[in-house]
Structure formats: C-alpha cells, structure tokens
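Please open the structure in a viewer and keep the selection tool at hand.

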Amino acid sequence: MRSDEGGHLMPKNGTYWFRGIAAVMVILSHYAEWWTWFTPIEGNGAIFQLAFSKLGIYGVDIFFLLSGYAMVISLGQNPMNKGFIWKRIKNTYIPYFIVVGIIELISEGFVSLQDFIYFASGYDYWYMFVLFLFYFGFIIIYAIFRSKGLRVVFFCIFTYLFSRILYNKGMNDFWYVSNVAFALGVIAGEYENRFKKMIDKLWLPMVAILGAGMIPVIQWGLDGGVNFGQNPEDYQLPFQIGATVVWTLLVLVLSSKCHIKEKIFAFLGKYSLYLYLTHTYVFMQCVNNLKCSYAIRFAASAVITVVLSFACCQAITATGKLISKQKSG
C-alpha cells in the first residue's frame, strides 16, 4: 500500500463520512421522487423537491471517486493478483448477491432466464452494474500494464468507450454522467503524492474556486437550464459532465483536508452498500403495508433501512469469518 510522510490523500477512516453523505444523498433523491407519487407539490415545496431529487447523481459521484481511488491504493505497487480480485468479490459482489438474491426470492422475481442474467450482472441495480464493469475494466487494464501512465490512459479510454456505449444505447443519463468520477479517483490514486502536495498548498483557493463553480450548477439544476440559452438540451450533457468534474474535485479536496469526526454519517458510510441495496425494497414494503400517514411511512422506511443494513452486514461478515475459520481449521 502506498504511503508518504503525511499519510494518504484520502484516509480510509475519513472517507466513511463522505460515503455516509453520499448514501443519504442518493436515498433522499429517491424519496423526493417517490414523494410526488402520493402528494401534489407546488410553489416552494416543488423547488425543494426538485433540489433533493438532483442529489442522487452527486452522491454517486462521491462513491465513484472514492471507489476508483481505493482500487489503486488497495493494489499499491503489487501486480494484479487473486487476492485483490477476491477482495472485490467478497466485499461487494457477495453482499450484493446475497441481499438482492433474497429480495428477488421474496418478491418472486426469478421467473425467466433473463431475470437470472440481470440479477447476476446487477443490471436491475444500475449502480452495481456500472460498478462491476469498472471493476472488470480495472482488473484487465492493471493486469496488462505496469506503467502508471499507460494504466491511467487506458482506463480513461475504457471509461469513455464504456460511457459512450451506454449513451448510444439510450440509457438514462445517470448511467454514464458520473463515470468520469471513477476515472478521476483512479488518477488521484496513481498520482496521490502530487495531488496531496498541491492540495496542501492551495486547498483554500481551490475550495473557493470549485465552490463558486457549483453555483451555476445549482442554478442549472433548479431552472432546467432555461437561463443559459435558447436550447439547453443542446449542451446539457457537457454541462452535466462538467458539473460532475467540478463537484468531484471539490469532494477530493475536502476529503483530503477535512477530517470530520462526526459519527452518524461515518456510521452510515460503513454500511452504505447495504443501504443502497435495501432501501427501495424496504420503502415499497412500508408504503404498501403500514397504515399511517405518508410522512411516518417515509420515516419508518428510513429507520428500518438503517437497521436492516446493519443486520445484513453483521450477518454476512460473521458468516464469512466462520467459513474462513472452518477452512483454516
């Protein structure tokens, strides 16, 4: 694992807080969208609803940034190896396979071969599908190339081609807009020391500039780009990708310099994968089965999601340790 005198650019314990923030952003964006199913919203309420619904993509930006960075740091100076690949499977794919598999079984979702294919690939959980393909691309590229520069170049090419395919297939923009954040995480990991020295010297002006850069992004998101030209659709995608770059770099700087001790979001960050996997199913169950106000149903779904995520993680982790202990014994 790479290190320098000042530690990592983004220390693992510190990134849990940002993962927690990202998980809340994603879930809030879904809740904001789902709220309109039950209650008409007008005036200022509609503005707040729209603002919350836009948070999801920026939450995914954080996840992808941290994931790309962590992949590079985890591999370090070592060649691609089975241990690295198994760690990705154990920490991400197996939890996905178990949690989503149980949800699909309970929901009687396996009715065709296509259902099994979609389940195995994570296709119905678009974030997982994209993440798995990034893992696959990273493993292949880092197994072939040993040069830092070539790895970065080819991973960026892979990110572009992969995202272009999704765009050409007509997928919704959230399938590809955030992908540049993963590539930025890989770049930050490969050139960690350079980034750290630059941020240590210039982090205050960088935060000011990048923070100011988010102002037009927020305005764009709230007015749909109508104040930026006659045909905002003509340049919506470049603007969205630019917004992702600005936001991702801002998070990179803040996560490097702001070691936040707040524990609630850090706790949520440790179980962010499970929060993502369970929150939709829990929400649907609460909304359809609880007999109370919609506000209470939403609140109950949030609490149950946190409790269930914690329980799932503890159960899967304990089972994995038990299996490893039996094998070693």
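What follows is a guided tour of a predicted model.

**Stop 1: confidence**

Begin by colouring the whole chain by pLDDT. The protein averages a pLDDT of 90, and 92% of the residues score at least 70. Next, select residues 1–5, where pLDDT stays under 50. For this stretch the model has 15 contacts beyond four places in sequence. Where pLDDT is low, the predicted coordinates should not be read in detail.

**Stop 2: two helices in contact**

Select residues 126–144, which form helix α6, together with residues 272–289, which form helix α12. At what angle do α6 and α12 pack? The angle is about 135°, and the two axes are 10 Å apart. Helix α6 is therefore oblique to α12.

Now display the side chains at the contact. Helix α6 contributes Trp126, Tyr127 and Met128, while helix α12 contributes Leu273, Tyr276 and Leu277.

**Stop 3: Leu273 of α12**

Remain on helix α12 and select Leu273, which lies within it. Is Leu273 buried or exposed? Its relative accessibility is 17%, so Leu273 counts as buried, the cut-off being under 20%. With neighbours within four places in sequence set aside, Leu273 is in contact with Asn91, Thr92, Pro95 and Met128. Met128 also belongs to the residues through which α6 meets α12.

Leu273 and Leu150 are 123 residues apart along the chain, and their C-alpha atoms are separated by 31 Å.

**Stop 4: Tyr281 and Ser107**

Move along helix α12 to Tyr281, another residue of that helix. Tyr281 is partly exposed, with a relative accessible area of 22%. Which residues does Tyr281 contact, leaving aside its neighbours within four places in sequence? They are Ile103, Ile106 and Ser107.

Select Ser107 next; its place is in the loop between α4 and α5. Ser107 is partly exposed as well, at a relative accessible area of 42%. In sequence, Ser107 and Tyr281 are 174 residues apart, yet in space their C-alpha atoms are 9.3 Å apart.

**Stop 5: Glu108 in the loop**

Select Glu108, which is located in the loop between α4 (82–106) and α5 (113–121). The phi angle of Glu108 is near 55°, a positive value in a residue other than glycine. Is Glu108 buried or exposed? Glu108 has a relative accessible area of 67%, and is therefore exposed, since the cut-off is over 50%.

**Stop 6: Ala143 of α6**

Return to helix α6 and select Ala143, which lies in that helix. Ala143 is partly exposed, with a relative accessible area of 49%.

**Stop 7: aromatic pairs**

Finally, display the aromatic side chains. How many aromatic pairs does a search of the whole structure find? The search finds 50, and two of them can be visited here.

Select Trp17 and Phe18, an aromatic pair with an edge-to-face arrangement. The centres of the rings are 5.1 Å apart, and there are 80° between the planes. Trp17 is buried, with a relative accessible area of 16%, and Phe18 is buried too, with a value of 6%.

Then select Phe155 and Phe158, whose aromatic pair is tilted. Here the separation is 5.9 Å centre to centre, with 45° between the planes. Both residues lie in helix α7 (residues 148–168); they are 3 residues apart, about one turn of the helix. Phe155 is buried at a relative accessible area of 1%, whereas Phe158 is partly exposed at 23%.

Notes
Residues are numbered from 1 along each chain as its sequence is written. Side-chain values use heavy atoms; hydrogens and water are left out. Axes are lines fitted to C-alpha atoms, for helices over the stretch in contact, and angles run from 0 to 180 degrees between N-to-C directions. Helices (H or I, at least four residues) and strands (E, at least two) are DSSP runs, numbered from the N terminus. Angles under 35 degrees count as roughly parallel, over 145 as roughly antiparallel, 65 to 115 as roughly perpendicular and the rest as oblique. Contact means heavy atoms within 4.5 Å. pLDDT is the predictor's confidence in each residue, from 0 to 100. Rings of Phe, Tyr and Trp (its six-membered ring) pair if their centres lie within 6.5 Å; planes under 30 degrees apart count as stacked, over 60 as edge-to-face and the rest as tilted. Buried means under 20% relative accessible area, exposed over 50%, partly exposed in between (1.4 Å probe, protein chains only).
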